Amino acid sequence: MINLFDLHCDTPTLCLQQNIAFNNEKTAVNEKSLKSFNKAVQICAIFTKDDAENPFENYKKTLEFFKANVSLPINDLTKEHTILLSCEGLSILQGNPQRVYELFSDGIRTSCLTWNGENDLAGGVLTDSGLKEKGRQVIGILNELGMALDLSHLNDKSFFDAVQMAKHPLATHSNSRFICDNKRNLTDIQLKLIKEKEGIVGLNFYPPFLNGKDVFKNIYLNIEHMLELGLENTIAIGSDFDGGKMSKELDRQIKTQRLYDFLLKMGINREIL
């Protein structure tokens, strides 16, 4: 069995939508799939759309349902199988940066400022807006608390402003734009900036961010390109399971073992994996 550290899945939202516990086998990520690995850490995101009604209430409802229906430890890295919590989209703050302190108390350890659109913090990939004053305040509080800033979903303008401020930047589920020219992916310059701050980048399994076909091969190409850039200590997994529609080749967490075996066959050093 291999070890796994996956920076992003949307399973808590799916659990609430389907009224199922985390020990089910309907979701791509679940307790059984995590326990199939020797050791596993899964970052589970509480997802909120930029234009959601009552976003903070929705966040609380999703978080409380998930916590009540999971038996694995949360935020305990001393355990062999554990979950970390994140927020995908901070429209839940509803204009109040001080609410970040409450998120931290709730167990949230990393957050995206926005999703694909624009809010009062920053602009996502479907907009041209840069980092805003309240976004700068939020990053300051994240730095104070030791929380990581997730740069996935930001447009280029907001990314470059945010990465300069963040003490702990990472991109939980983004790929190389050199390999797949999609705005949700990162340029070589952006990848190097994350490396310079000792951050990590989780490779996303969603086919549109991998040129669609042949997911295993395109993940390999992403890794090879990042290795060429000297990012061997920056590469991670950020599957996006239970979020986007995945290829049957890699649509469940349990199939990550197949990806590992494929990458070994392609010559990727075991120490890097």
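**Aromatic pairs and charges over rings**

Tryptophan 115 is partly exposed, its relative accessible area being 24% (buried means under 20%, exposed over 50% and partly exposed in between, with a 1.4 Å probe and protein chains only). The model is predicted, so that local features need pLDDT of at least 70 and side-chain atom pairs count only at pLDDT 80 or more, whereas totals for chains, interfaces and linings use all residues. Residues are numbered from 1 along each chain as its sequence is written, and side-chain values use heavy atoms, with hydrogens and water left out.

The structure contains 7 aromatic pairs (rings of Phe, Tyr and Trp, the last by its six-membered ring, with centres within 6.5 Å; planes under 30 degrees apart are stacked, over 60 edge-to-face and the rest tilted). One of these joins phenylalanine 47 and tryptophan 115: the ring centres are 5.1 Å apart and the planes lie at 65°, so the pair is edge-to-face. Phenylalanine 47 belongs to strand 2 (residues 39-47), while tryptophan 115 lies 68 residues away in the loop between strand 4 (108-112) and helix 5 (133-145); helices (H or I, at least four residues) and strands (E, at least two) are DSSP runs numbered from the N terminus. Phenylalanine 47 is buried because its relative accessibility is 18%.

The rings of phenylalanine 56 and tyrosine 59 form a tilted pair, because their centres are 5.7 Å apart and their planes at 40°. Both residues lie in helix 3 (residues 55-68), 3 residues apart, and are therefore separated by about one helical turn. Phenylalanine 56 is buried at 12% relative accessible area, and tyrosine 59 is buried at 0%.

The charged end of arginine 99 sits over the ring of phenylalanine 56, 3.9 Å from its centre (NZ of Lys or CZ of Arg within 6 Å of the ring centre and within 35 degrees of the ring normal).
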